[in-house]
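Please look over the structure below. The briefing after it goes topic by topic.

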Amino acid sequence: MDIVKSLAAALLWSAQASGVLAAPHVHGVVALDVALDGSRVVLSLKAPLDSLVGFERAPRTDAERRAAADALARLRQPDALFKLDPAAGCRRVSVEVEAPVLEARAGPGVAASGADVHAELEAQITYDCAQPGGLQTLEVGLADTFKRIRRIDVQVAGPRGQAKTALRGTARSVKLGR
Ligand SMILES: [Zn+2]
């Protein structure tokens, strides 16, 4: 009874947090939105779980649990993943990571999910910058840490409008300014 209840709650939560998707995403492709607003920089990341840990369901084995915990830990302490210009004096003020599927406990019954179920991780990281005029580039190290990432679709929105770019291969730098 309890298991059924908590599973239902977990599924509902997943759907609400868009952890489980009806429409498939593309494995290997992650989306990164960069919003520049005065002294604030907000990074919003949306990644298929496959691109981070290689599976898109609750972890079942010790190795999968380690992979999930490791991915969550790296995103919650993201200083190695995202680097803003030191000259801008940016301080990280918050990190929110949502990956309900990774944090769910897999019981024997959970394995029944269909092959077409996809799941994602969403993260939002906010910085406050003392010298926002010094913001020239964002270095994105995601693909160094998560080897399954093939492309990062970046959208930058700031006072000068919007710009789209894609990071592939060894490309790591996103232009932020002028
Ligand atoms: Zn998927």
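An open sheet of three strands runs in the order 4-7-10, with antiparallel pairing. The model is predicted: local features need pLDDT of at least 70, side-chain atom pairs count only at pLDDT 80 or more, and totals for chains, interfaces and linings use all residues. Residues are numbered from 1 along each chain as its sequence is written, and side-chain values use heavy atoms, with hydrogens and water left out.

- Strand 4 (82-84) and strand 10 (173-175) stand at the edges. Each has a single partner strand, so one side of each is left without a neighbour in the sheet.
- Neighbouring strands here are turned by 20 degrees against each other on average, direction ignored. Axes are lines fitted to C-alpha atoms, for helices over the stretch in contact, and angles run from 0 to 180 degrees between N-to-C directions.
- Strand 4 pairs with strand 7 (residues 137-140) in the antiparallel sense, over three bridges. Two strands pair if DSSP finds at least two bridges between them.
- K83 stands opposite E139 in strand 7.
- Strands (E, at least two residues) are DSSP runs, numbered from the N terminus.
- Strands of a sheet pair through backbone hydrogen bonds, either parallel or antiparallel.

**The nonpolar core**

- The largest nonpolar core has 43 residues. Such a core is a set of buried Ala, Val, Leu, Ile, Met, Phe, Trp, Tyr and Cys residues joined through side-chain atoms within 4.5 Å.
- Buried means under 20% relative accessible area, exposed means over 50%, and partly exposed lies in between (1.4 Å probe, protein chains only).
- The residues with the most contacts inside this core are L32, V34, F82, L121, L138 and L142.
- Strand 6 gives the largest share of this core, six residues.
- Leaving aside neighbours within four places in sequence, F82 is in contact (heavy atoms within 4.5 Å) with L32, L43, I125, Y127, L138, E139, V140 and L142.

- H27 and H118 link distant parts of the chain, 91 residues apart. H27 is in the loop between strand 1 (20-21) and strand 2 (29-37), and H118 is in strand 6 (residues 118-129).
- H27 is partly exposed, at 37% relative accessibility. H118 is buried, at 13%.

**The disulfide**

- The count comes to one disulfide, taken as a pair of cysteine sulfur atoms within 2.5 Å.
- It joins C90 to C129, with S to S at 2.0 Å.
- C90 lies in strand 5 (residues 90-98) and C129 in strand 6, so the pair ties together parts that are 39 residues apart in sequence.
- The torsion about the S-S bond of C90 and C129 is about 105 degrees, so the disulfide is right-handed.
- C90 is partly exposed at 25% relative accessible area, whereas C129 is buried at 3%.

- L36 is found in strand 2. It is buried, at 16% relative accessibility.
- T126 is found in strand 6. It is buried too, at 8% relative accessible area.

Notes. Helices (H or I, at least four residues) and strands (E, at least two) are DSSP runs, numbered from the N terminus.
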